[in-house]
Amino acid sequence: MAQTKLIKVDSLNPQEHLIKEAADTIRSGGLVVIPTETVYGIAANMLDKKAVERLYEVKQRPRTKPFALLIDRKDRIEDFAMRIPVLAYKLADKFWPGPLTIILKSKDNNGGIGLRMPDNEIALRIIAESAVPIVCPSANLSGKEAPVNMESALRDLNGLVELAVDGGTAEIGMESTIIDLTRAPYVLLREGAVKKEEIEGLARKKTILFV
């Protein structure tokens, strides 16, 4: 592959033609480095098996570790998950858009699927414009530190992905927290930007229904 094409997008007012270019590349099977508020990620069309297989190869990631899915609206949680516990909605209301990945039972295979709604306008616009489910692991080789800017992302990935969208330095600069709600009680798989105490506090709160 030739050198990765780099485009710079205004984080406050993303240019529509550049958002469309990124979305079109993903939809057609390409790999695109995109910004989020946590770290930079590599976006791929989940429906394109070749793209997903390439993503595993580029990241040098074991096939036993699935990729999380980025969504652009909270209500899309029901498009991909089933038997959704009340806690999932409470977490989404509190922390989405934001740095929390929630693992739920997948509609497709009854396994687990990780979902996150990023708090980054560029990412949200690309997700919406692409109109396909987007998997997006961090833009680093497995075992290496997740990148918070484009320079560090392209250090290992230049020439391995079609397009890179530079939206400036990641606001948080820390990977998302991952919580598994396919099990009861829930399991915190990774503590990131959302702290364990925050989740525990929310989980302890009782849900009151007004009728």
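At what angle do helix α1 and helix α5 pack? That is where I'll start. One caution: this is a predicted model.

The angle is about 55 degrees, and the axes lie 8 Å apart. Helix α1 covers residues 16-27, and helix α5 covers residues 121-130. Angles of 65 to 115 degrees would count as roughly perpendicular, and those under 35 as roughly parallel. The two helices are therefore oblique to each other. As for handedness, α1 passes α5 in a right-handed crossing.

Which residues make the contact? From α1, we have Glu 16, Ile 19, Lys 20, Ala 22, Ala 23, Ile 26 and Arg 27. From α5, we have Ile 122, Arg 125, Ile 126, Glu 129 and Ser 130. By class, that contact has six nonpolar residues, five charged and one polar.

The largest pocket holds about 1,100 Å³ of space. It is lined by 41 residues. Closest to its centre are Arg 61, Lys 65, Pro 66, Phe 67 and Ala 68.

Next, the second largest pocket. Its volume is about 170 Å³. The lining includes a run from Lys 144 through Glu 145, Ala 146, Pro 147 and Val 148 to Asn 149. Ala 139 and Asn 140 also line this pocket, as do Ser 152, Ala 153, Arg 155 and Asp 156.

Terms used:
Residues are numbered from 1 along each chain as its sequence is written. This is a predicted model: local features need pLDDT of at least 70, side-chain atom pairs count only at pLDDT 80 or more; totals for chains, interfaces and linings use all residues. Side-chain values use heavy atoms; hydrogens and water are left out. Axes are lines fitted to C-alpha atoms, for helices over the stretch in contact, and angles run from 0 to 180 degrees between N-to-C directions. Helices (H or I, at least four residues) and strands (E, at least two) are DSSP runs, numbered from the N terminus. Angles under 35 degrees count as roughly parallel, over 145 as roughly antiparallel, 65 to 115 as roughly perpendicular and the rest as oblique. A crossing is left-handed if the near helix is turned anticlockwise from the far one by less than a right angle, and right-handed if clockwise. Contact means heavy atoms within 4.5 Å. Ala, Val, Leu, Ile, Met, Phe, Trp, Tyr, Cys and Pro count as nonpolar, Asp, Glu, Lys and Arg as charged, and the others, Gly among them, as polar. On a 1 Å grid over the protein atoms alone, a cavity is a set of points where a 1.4 Å probe fits but cannot get out, and a pocket is an open set with protein on both sides within 12 Å along at least five of seven lines; lining residues have an atom within 4 Å of a point. Grid points are joined across faces, edges and corners, and a volume is the space filled by probe spheres set on the points.
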